[in-house]
Amino acid sequence: MVSKKVKDLIYLVLRILFSFLILFFIFKKIEVKYLFEGLKDINYFYFFISFIFYWITLFFLSYRWKILLIPFLKKSISIFEIFKVYMLGMLINTITPATTGVDISRGIILSKYTNGYSKGFASVLVDRITGMIGIFLIAFIFSIFSLKGKENLFILILIFLLLSIFSLFLFYIPFIKRIFEKIKIFKKLLNFYYAMNSYKKNFKLILYSTFLAMPVQISFSLIAFFVSKSFGIEGSINLFILYVPIINALNVIPFTISGFGIREAGFLIFFKDYFLKEKIILTSIFYWLVSAIGNLPALYYLFKNPLKEEKWKEF
């Protein structure tokens with residue numbers, strides 16, 4: 001029988017290969033020399049503006065998560081502490097193979113101050129699901145005005161929007177609870193089910209979180225928009241608000257290393273009809289680089305707890 005470590009290693013190697021193959025085919029379709037020429041002409045002012053929007057995005061993300069923690073908190077926690085935890089999660093996300101590192105790390109850090117892992121990961125999962133709903137909701141709204149002649153993509157966005165909404169309500173279906181109770185392998189997840197179900201009494205928090213997901217995605221889109229402007233791209237902001245959230249959703253798929261390959265393919269597929277391919281790839285790479293550099297302050301918290309323990313005693 002193959003051990004878990006061997007399976008994890010095989011999975012990691014496959015993801016590295018998949019990232020490499022996608023990037024190989026992408027770079028076969030572009031002139032690499034134009035990438036280096038584009039780097040010489042970078043506008044550092046617009047590049048700096050993209051960092052401002054990245055930190056604004058982190059603030060929105062932190063505030064949204066803070067709202068979702070309300071059912072589990074008896075004492076308040078500052079937005080600054082949540083911000084530190086989120087930035088640390090995003091840092092881990094950019095330096096590790098996992099595209100879901102931000103979720104796992106947030107859940108683990110938070111769970112050290114809870115009665116088990118269920119409440120911490122419940123808030124993280126709802127945060128992720130409402131974020132996905134927000135992604136496809138804003139894409140759906142902007143697709144109404146921007147996808148003339150691309151009705152298939154419009155329908156696909158609508159389907160994923162409905163699937164995201166459906167996934168949120170799975171934990172409110174009594175049949176799911178019976179599955180958790182009767183199947184031995186799921187019994188350990190009952191506490192997680194109850195933690196998720198606690199949002200039924202606080203459904204307005206889910207609505208609020210979904211609403212906040214839209215400015216989050218607009219802010220992400222502005223990061224890509226200003227990165228693109230730093231390479232001389234003059235494009236409509238509406239295009240970025242439509243396509244960047246979809247690319248962010250694709251980036252969650254755990255088939256590559258930190259989204260490399262899938263992210264670049266997404267940018268190329270959606271923007272190839274509007275801009276030069278080489279500048280699109282530069283935008284994609286530097287879109288990632290903004291988050292990688294923007295999260296560097298959290299290096300300090302790799303060795304120090306970002307939360308004040310005394311504030312969590314009654315969590």
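Why are phenylalanine 47 and phenylalanine 51 separated by about one helical turn? Being four residues apart in helix α3 (residues 44-68), they are separated in that way; helices here are DSSP runs of H or I of at least four residues, numbered from the N terminus.

Good morning, colleagues. This is a predicted model, in which local features need pLDDT of at least 70 and side-chain atom pairs count only at pLDDT 80 or more, while totals for chains, interfaces and linings use all residues. Residues are numbered from 1 along each chain as its sequence is written, and side-chain values use heavy atoms, leaving out hydrogens and water.

I turn to the aromatic pairs. The whole structure contains 24 of them, a pair being rings of Phe, Tyr or Trp (its six-membered ring) with centres within 6.5 Å, counted as stacked with planes under 30 degrees apart, edge-to-face over 60 and tilted for the rest. Phenylalanine 47 and phenylalanine 51 are edge-to-face, at 5.1 Å centre to centre and 80° between the planes. Both residues are buried, that is, under 20% relative accessible area with a 1.4 Å probe, protein chains only.

Tyrosine 243 and phenylalanine 271 have ring centres 5.6 Å apart and planes at 80°, so this pair is also edge-to-face. Because tyrosine 243 lies in helix α12 (residues 237-250) and phenylalanine 271 in helix α13, the pair ties together parts that are 28 residues apart in sequence. Tyrosine 243 and phenylalanine 271 are both buried.

Finally, helix α13 (residues 262-271) has eight of its 10 residues buried, so it is largely enclosed by the rest of the structure. Among the buried residues are Ile262, Arg263 and Phe271.

Terms used:
Buried < 20%, exposed > 50% of the residue type's maximum accessible area, 1.4 Å probe, protein only. Helix = DSSP H or I, 4+ residues; strand = E, 2+ residues; numbered from the N terminus.
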